[in-house]
Amino acid sequence: MIIEAEKLNFSYTKNGRQILRDVSLTLQEGEIMSILGPNGAGKSTLLNLLAVLNQPNSGTIKLCGKDTKKMKPREVASIISYVPQNHTPAFSYTVFDFVLMGRAPKIGMFEKPSSTDFEIVQQVLEDIGIADLADKAYTEISGGERQQATIARALAQEPKAILFDEPTAHLDYGNQLKTLRVIRSLSEKGYAVIITTHNPDHAIMLGGTTGVLDRNGHFETGLSNEIITEEMLNNVYGRTNLKLTYMEDVDRYICVPPNL
Amino acid sequence: MRILDTNSKKKVNTARSNFYALGLDFLLLVILALCIIMALCAGKYQVTPKESLEVLFGELLGKGGTYSEMTKNVVMGLRVPRIFASVLCGVTLAMSGVAYQSIFKNPLISPDFLGVSSGACIGAAVAILMGLSGLYLSAFAFIGGIVAVLTTIMIPTIMRSDSNIMLVLSGVIVGGAMSSILGFIKYVADPETELAAITYWTMGSFSYVTLDEIGSVIWTMIIPMVVLFAMSWWLDILSMGESEARSLGANIKVIRNIAIACATLMTASSVCISGTIGWIGLVIPHFARMLVGPNNTKLIPAAGLIGGIFLLLVDTLTRSIGVAEMPVSILTGLIGAPFYALLLYRQRKTLS
């Protein structure tokens with residue numbers, strides 16, 4: 001088991017809203033988990049806890065069987081890569097330098113990347129198909145390319161699990177599909193993957209498991225094709241009368257909103 | 001690693017850009033050497049380049065030469081310490097500017113910002129009020145700078161916040177308090193003698209620099225320089241922001257504190273020998289970034305060299321033009337401000 005979280009409770013302030021209540025989940029090699037939930041439910045918070053960027057108020061998280069409380073940031077980073085939502089950094093590093101930062105867990109504090117690190121980065125850039133962007137400034141490429149660069153950086157980290165925070169937000173349809181395909185191919189290669197998304201179709205397309213986080217902090221997981229039902233969707237998105245229909249053309253269930 | 005299981009060795013095209021940065025550093029070194037020779041010759045007492053080199057090598061190698069006693073005194077006694085000091089201060093101020101900008105992931109921050117300069121000024125002003133001078137004055141300036149930074153770093157700790165914005169605000173608080181204290185010291189200072197000395201200190205000057213003074217702070221300049229360069233790659237990571245740096249496995253607290261300590265030691269040391277000199281820590285990192293990009297491993301040496309050249313030229317100007325010598329900060333401001341505006345204009349697209 002790569003990630004085992006047990007009974008996580010979390011709120012940002014002492015008497016504030018309880019964002020997570022007794023949340024438990026497990027993730028094994030090659031598994032994809034999509035996390036659905038309304039705005040502000042705490043999907044990103046949950047990812048932050050799993051990546052040990054925040055500490056839960058109670059509960060334990062084990063990565064590869066080891067309690068995260070006893071792990072250094074470096075150890076966590078060599079198991080978990082975190083792909084944040086698109087952002088613009090203050091300085092215009094080249095795509096190569098940006099991806100190279102993924103090698104950080106392997107590099108000492110007074111060291112610089114070695115030629116092995118350069119080779120790994122070059123390999124990852126070619127695998128993802130953005131080798132020709134290597135010398136471009138990260139701040140000057142398109143949103144879709146930036147997403148790919150961030151994924152390349154996550155791979156350069158050589159993790160066991162990759163957490164994506166809304167990987168399809170801000171992307172056009174073409175790039176959304178591209179990203180979903182990359183995510184699926186990653187799981188086929190054995191990475192454990194968690195994504196948060198606002199689109200139930202993405203969870204259906206990715207298959208695997210789906211976790212549903214509601215506004216009260218309750219979290220429920222199950223196989224995507226069992227847990228995603230009209231009832232669940234209408235609970236999560238507030239009685240919107242969403243329809244779930246089978247569409248023969250694409251050979252899967254699709255989620256359709258009603259007419260306005 | 002599963003996606004990388006091919007063992008083929010890949011040609012990596014970063015060699016070209018490394019080569020470019022090294023070439024630029026070499027070019028800057030040559031320019032610096034030329035500027036030093038020029039600075040040895042420039043001034044009220046004219047010396048030819050040939051003479052200046054004769055004196056320099058004659059004295060350093062202990063051979064002596066055919067030059068006059070007067071020329072020797074001007075070159076070795078007056079100009080060499082000044083040149084040495086101005087280059088060192090330029091290098092340290094520019095490098096600490098690079099470090100601060102990366103630590104706070106903000107290209108608009110400079111060494112003056114954490115209250116280092118104003119703290120050091122208060123230390124110096126207190127020493128002047130107490131009638132101290134020379135090394136005591138340097139020591140006071142040093143302690144003042146360090147105290148200011150420690151206060152700035154402690155405020156977020158007391159508020160139990162790890163965030164950069166808290167540190168920035170804390171710098172604003174300390175800087176504001178410091179300038180009021182400095183104002184008070186000026187207010188109570190004797191306007192005939194002490195006030196002038198304090199004012200002179202706040203505007204920066206290399207006129208009274210001695211080799212002893214430089215010797216007393218040289219290690220607190222050079223050791224942090226080496227440490228900063230050694231951790232330059234991690235400064236890149238730090239500049240990506242806290243949560244990203246942490247998700248990449250960085251021990252933010254340790255890296256940030258070491259980097260801040262180094263940059264502060266460098267700034268405080270430079271204030272010790274020259275008083276406060278503005279603009280260099282802000283403008284030079286920008287200029288260097290335009291030449292070699294934001295990668296700190298390339299940026300730190302390039303910015304240091306450019307800073308050294310710039311401050312040497314400015315100091316040579318202050319003692320060459322006009323009748324009386326001008327404080328350095330006046331010229332760095334007059335040159336730095338429009339130059340900074342020009343840089344911002346050229347970078348307007350990437351900054352917005």
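Modeller: The radius of gyration used here is taken over C-alpha atoms, and the globule rule is 2.2 Å times the number of residues to the power 0.38. Please keep in mind throughout that this is a predicted model.

Biologist: With that rule, what radius of gyration does chain A have, and what would a compact globule have?
Modeller: Chain A counts 260 residues, so a compact globule would have a radius of gyration near 18 Å, and the value for the chain agrees with this. Its C-alpha atoms fill a box of roughly 55 × 45 × 30 Å along the principal axes, and 45% of its residues count as buried. The radius of gyration of chain A is 19 Å.

Biologist: Which domains does the assignment give for chain A?
Modeller: The assignment gives two ranges, 3-79 and 159-256, to domain 1, whereas 88-157 forms domain 2. The C-alpha centres of these two domains of chain A lie 25 Å apart, and their contact takes 11 residues from domain 1 and eight residues from domain 2. The domains of chain A are therefore, by an automatic or database assignment, domain 1 (3-79 + 159-256) and domain 2 (88-157).

Biologist: Which element gives the largest share of the side of domain 1 of chain A that touches domain 2?
Modeller: Two elements give two or more residues to that side, helix H2 (73-77) and helix H6 (173-188) of chain A. By class, the side of domain 1 has six nonpolar, four polar and one charged residues. The largest share, three residues, comes from H6(A).

Biologist: Which strands of the six-stranded sheet in chain A stand at its edges, and why is one side of each left without a neighbour?
Modeller: This open sheet runs in the order E6-E7-E8-E3-E9-E10 with mixed pairing, and the twist averages 15 degrees from one strand to the next. Each edge strand has a single partner strand, so one side of each is left without a neighbour in the sheet. The edge strands are E6 (80-83) and E10 (219-223) of chain A.

Biologist: Are the residues on the two faces of E6(A) buried or exposed?
Modeller: In a regular strand the side chains alternate between the two faces of the sheet. In E6(A), Ile80(A) and Tyr82(A) lie on one side, with Ser81(A) and Val83(A) on the other. Four bridges join E6(A) to E7(A) in the parallel sense, with Val83(A) opposite Phe164(A). Both faces of E6(A) are covered, and the four residues named on them are all buried.

Biologist: What is the bridge partner of Ile35(A) in E8(A)?
Modeller: Strand E3 (residues 32-36) and strand E8 (residues 192-196) of chain A pair in the parallel sense over four bridges. Helix H6(A) lies across E3, E7 and E8 of chain A, running at about 155 degrees to E8(A). Within E8(A), the bridge partner of Ile35(A) is Thr196(A).

Biologist: Which residue of E5(A) stands opposite Lys62(A)?
Modeller: A four-stranded open sheet of chain A has the order E2-E1-E4-E5 and antiparallel pairing, and its edge strands, E2 (20-27) and E5 (66-67), each pair on one side only. Two bridges join strand E4 (residues 58-63) of chain A to E5(A). Helix H1 (residues 43-50) of chain A packs on this sheet, touching E1, E2 and E4, and its direction makes about 125 degrees with that of E1(A). The residue opposite Lys62(A) is Asp67(A).

Biologist: How many residues of chain B are in contact with chain A?
Modeller: Helices H9 (232-238) and H10 (242-247) of chain B each supply at least two residues of the side that touches chain A. That side of chain B divides into 15 nonpolar, 13 polar and seven charged residues. Chain A takes part with 39 residues, and the residues of chain B in contact with them number 35.

How values were computed. Residues numbered from 1 in each chain as written. Chains lettered and ligands numbered in written order. Predicted model: local features only at pLDDT ≥ 70, side-chain atom pairs only at ≥ 80, totals over all residues. Contact = placed C-beta atoms within 7 Å. Nonpolar A, V, L, I, M, F, W, Y, C, P; charged D, E, K, R; others polar. Pairing = 2+ DSSP bridges. Axes fitted to C-alpha atoms, helices over the stretch in contact; angles between N-to-C directions. Buried ≥ 20, exposed ≤ 12 C-beta atoms within 10 Å, placed from the backbone.
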